[in-house]
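Subject: Handing over a structure, with notes

Dear colleague,

I am passing on the structure below, followed by an account of what was found in it. Please read the notes with the structure open beside them.

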Amino acid sequence: MLGAGIASFLGRRLGTGTALTCTATIEGLAILGLASAPNPYVAGLALAVCGAGMGATMVLGPSLRQAIVPAHLMGRVASTSRMLAMCAAPFGAFLGGWLATTYDLRTPLYAAAGLLLAMTAVTATMTSNRRVEAALRDARPQADPADQDPAKEIAVHTTSR
């Protein structure tokens, strides 16, 4: 809840792109902290930090997607995103179980942290504030001259003289 509550503040303060990169990095580092936690208190703190990062990411990411995806494609994009997440979950569970059985219980956490941090590094340039702002600018609806009310246009031009 904390992460979701501060997501808009982070987006305004850091920029949406930087905030997304930072929250993903925090999640990865928190999972790394969980993997190396020496006691249950540190593990609990790591889980809380990871949850806060995920909460912020789950507000910022879909909000950005909703702002830049055209309305007529929103259903397709959202359902594709959900399908990929739902298909990845069983694969991740299988891989995590195999790693835990083959090595130990911490190995899947180290692997998850490494994967998340590596993917964050790879996608950091894709979520830069510059690219996010450009996508938001491109997504803004352009005024269609056919939609303009001629009476309003005339009023604007006559009052501005």
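To begin with the surface as a whole, the chain exposes about 11000 Å², and 68% of that area is supplied by carbon and sulfur atoms. Please keep in mind throughout that this is a predicted model. The mean pLDDT of the chain is 89, with 88% of its residues at 70 or more. Over residues 150-161, however, the pLDDT is below 50, and this stretch has 1 contact in the model beyond near neighbours in sequence.

As for the fold, the secondary structure comes to 7 helices and 0 strands, so that, by the way helices and strands are assigned, the elements run α-α-α-α-α-α-α from the N terminus on. Of the 161 residues in the chain, buried ones make up 21%.

The largest nonpolar core has 8 residues in all, namely A7, L10, A19, L20, A56, L60, L64 and V132. Helices α1 (2-14), α2 (16-35) and α3 (40-68) each supply at least two residues of this core, and α3 gives the most to it, with 3 residues. In soluble globular proteins, nonpolar side chains tend to be buried together.

Leaving out residues up to four places away in sequence, L20 touches T57, L60, G61 and L64. The C-alpha atoms of L20 and T57 are 6.1 Å apart in space, although the two residues are 37 apart in sequence. L64, for its part, touches T16, L20, V132 and L136, again without counting residues up to four places away in sequence.

T23 is also placed in helix α2, and T23 is buried, with a relative accessible area of 3%. Its contacts, when residues up to four places away in sequence are not counted, are with L10, G53, A56 and T57; of these partners, L10 and A56 are listed among the residues of the core described above.

Helix α5 (residues 107-123) holds two residues that I would ask you to look at, and G114 is one of them. At 38% relative accessibility, G114 counts as partly exposed. The C-alpha atoms of G114 and L29 are separated by 9.0 Å, while the two residues are 85 apart along the chain. Y110 lies in helix α5 as well, and Y110 too is partly exposed, with a relative accessible area of 40%. A distance of 8.8 Å separates the C-alpha atoms of Y110 and L34, which are 76 residues apart along the chain. With residues up to four places away in sequence set aside, Y110 touches L32, A35 and S36.

Finally, there is a feature on the outside of the model. Which residues form a nonpolar patch on the surface? They are F91, F94, L95, W98 and Y103, and together they have about 610 Å² of accessible area. F91, one of these residues, is found in helix α4 (residues 74-102). The relative accessible area of F91 is 57%, and F91 is therefore classed as exposed, the cut-off for that class being over 50%.

In short, the points to check against the model are the core to which α1, α2 and α3 each supply at least two residues, the nonpolar surface patch that includes F91 and W98, and the stretch 150-161, where the pLDDT is below 50.

With kind regards

Technical notes:
Residues are numbered from 1 along each chain as its sequence is written. This is a predicted model: local features need pLDDT of at least 70, side-chain atom pairs count only at pLDDT 80 or more; totals for chains, interfaces and linings use all residues. Side-chain values use heavy atoms; hydrogens and water are left out. Patches are made of residues with over 30% relative accessible area and no salt bridge: like charges are joined within 9 Å, nonpolar side chains (Val, Leu, Ile, Met, Phe, Trp, Tyr) within 5 Å. Accessible areas come from the Shrake-Rupley method with a 1.4 Å probe; for residues, only the protein chains shown count as cover. A salt bridge is a side-chain nitrogen of Lys or Arg within 4 Å of a carboxyl oxygen of Asp or Glu. Helices (H or I, at least four residues) and strands (E, at least two) are DSSP runs, numbered from the N terminus. Buried means under 20% relative accessible area, exposed over 50%, partly exposed in between (1.4 Å probe, protein chains only). A nonpolar core is a set of buried Ala, Val, Leu, Ile, Met, Phe, Trp, Tyr and Cys residues joined through side-chain atoms within 4.5 Å. Contact means heavy atoms within 4.5 Å. pLDDT is the predictor's confidence in each residue, from 0 to 100.
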